[in-house]
Amino acid sequence: MLVEAQSLPFATVVLSTDYGEVVMIGPWIAWLIALGPAVVVAPFAVFTLYVHRRLRSKGVQVQADCEHYYWSKEKHFLQYRYADQSERSHVRLANLSFPVSRAKRGRPLEVVYDSARPSRSRSRHELRRPIPWAGVSIGIYLFVQLVCGILGGVFLATGLFDR
C-alpha cells in the first residue's frame, strides 16, 4: 500500500510504503555513467595542457646535464639536472613513451623551464609534440569514454533506471 510519494533532485521518486521507503533512481545515474570519465579526467588534462603550452610559449631554454637515460620495453626514463636564473639546481625524472635520440649520460640536453615556477620543466624533445600525451593514453581514454557514453545513452534511451 502506497502511503506517500515525493520527488528529490537526485532521485526520480521516493515511495513510502508500509514496508519502508523505496528510492527509484532516476536518469542522473545514466548521465553520471556517460559523463563520469570526462568530468574526472578533464581537470588533470587541462592542467597538463596548460603547463605544456606555457612552456612552449614563455619557457626559458637552458642546457641541462643528462644524469640518466634508460628504458624498459615501451617506456623511456630521462633524468636531468638544470640551473634556473637564480642558479638554483633542479632535477626532473621524465617518464616518456618515446625515445630521446640525443640523451646520453653526461651529455648536454636542451631543457625549457617556466621562469614563474622553475621546478616545472620539459626537455626540448618533449615540447616538440603538439600535445603532451602519448597516443596510447589518448586512445585508452577515448575508448573508455566511448563505452561509458554508449552505456549511458542506452540507459537513458531505455529508461532502465527509471523503474
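**Cysteines, fold and aromatic rings**

C148 has a relative accessible area of 17% and is therefore buried, since buried means under 20% relative accessible area. The model discussed here is a predicted one. The points below treat the cysteines, the overall fold, the surface and the aromatic rings in turn.

**Cysteines**

- C66 likewise counts as buried, because its relative accessibility is 4% and the cut-off for a buried residue is under 20%.
- A search for disulfides through the whole structure returns zero.

**Overall fold**

- The protein contains three helices and eight strands.
- In sequence order, these elements are arranged as β-β-β-α-β-β-β-β-β-α-α.
- Some contacts in the protein join residues at least 6 apart in sequence, and among these contacts 54% are between residues at least 24 apart.

**Surface and interior**

- The protein has 163 residues, and 29% of them count as buried.
- Its accessible surface amounts to about 10,800 Å².
- Carbon and sulfur atoms account for 63% of that accessible surface.

**Aromatic rings**

- A pair of aromatic rings is described by two quantities, namely the distance of the centres and the angle of the planes.
- Three aromatic pairs are present in the structure.
- One of them is formed by Y80 and Y82, with 6.0 Å from centre to centre and 45 degrees between the planes, and this pair is tilted.
- Y80 is buried because its relative accessible area is 0%, and the cut-off for buried is under 20%.
- Y82, with a relative accessible area of 3%, is therefore buried by that cut-off.
- How are the rings of Y82 and Y113 arranged, stacked or tilted? Their centres lie 5.7 Å apart and their planes meet at 25 degrees, so the pair is stacked, since planes under 30 degrees apart count as stacked.
- Where in the sequence do Y82 and Y113 lie? Y82 belongs to strand β5 (residues 75-83) and Y113 to strand β7 (residues 108-113), so this pair ties together parts that are 31 residues apart in sequence.
- Both Y82 and Y113 are buried.
- Through ring pairs, Y80, Y82 and Y113 are linked into a cluster.

Definitions and conventions
Residues numbered from 1 in each chain as written. Predicted model: local features only at pLDDT ≥ 70, side-chain atom pairs only at ≥ 80, totals over all residues. Heavy atoms only, no water. Helix = DSSP H or I, 4+ residues; strand = E, 2+ residues; numbered from the N terminus. Buried < 20%, exposed > 50% of the residue type's maximum accessible area, 1.4 Å probe, protein only. Contact = heavy atoms within 4.5 Å. Areas by Shrake-Rupley, 256 points an atom, 1.4 Å probe, with all protein chains shown as cover. Disulfide = S-S within 2.5 Å. Phe/Tyr/Trp six-rings, centres within 6.5 Å; stacked < 30°, edge-to-face > 60°.
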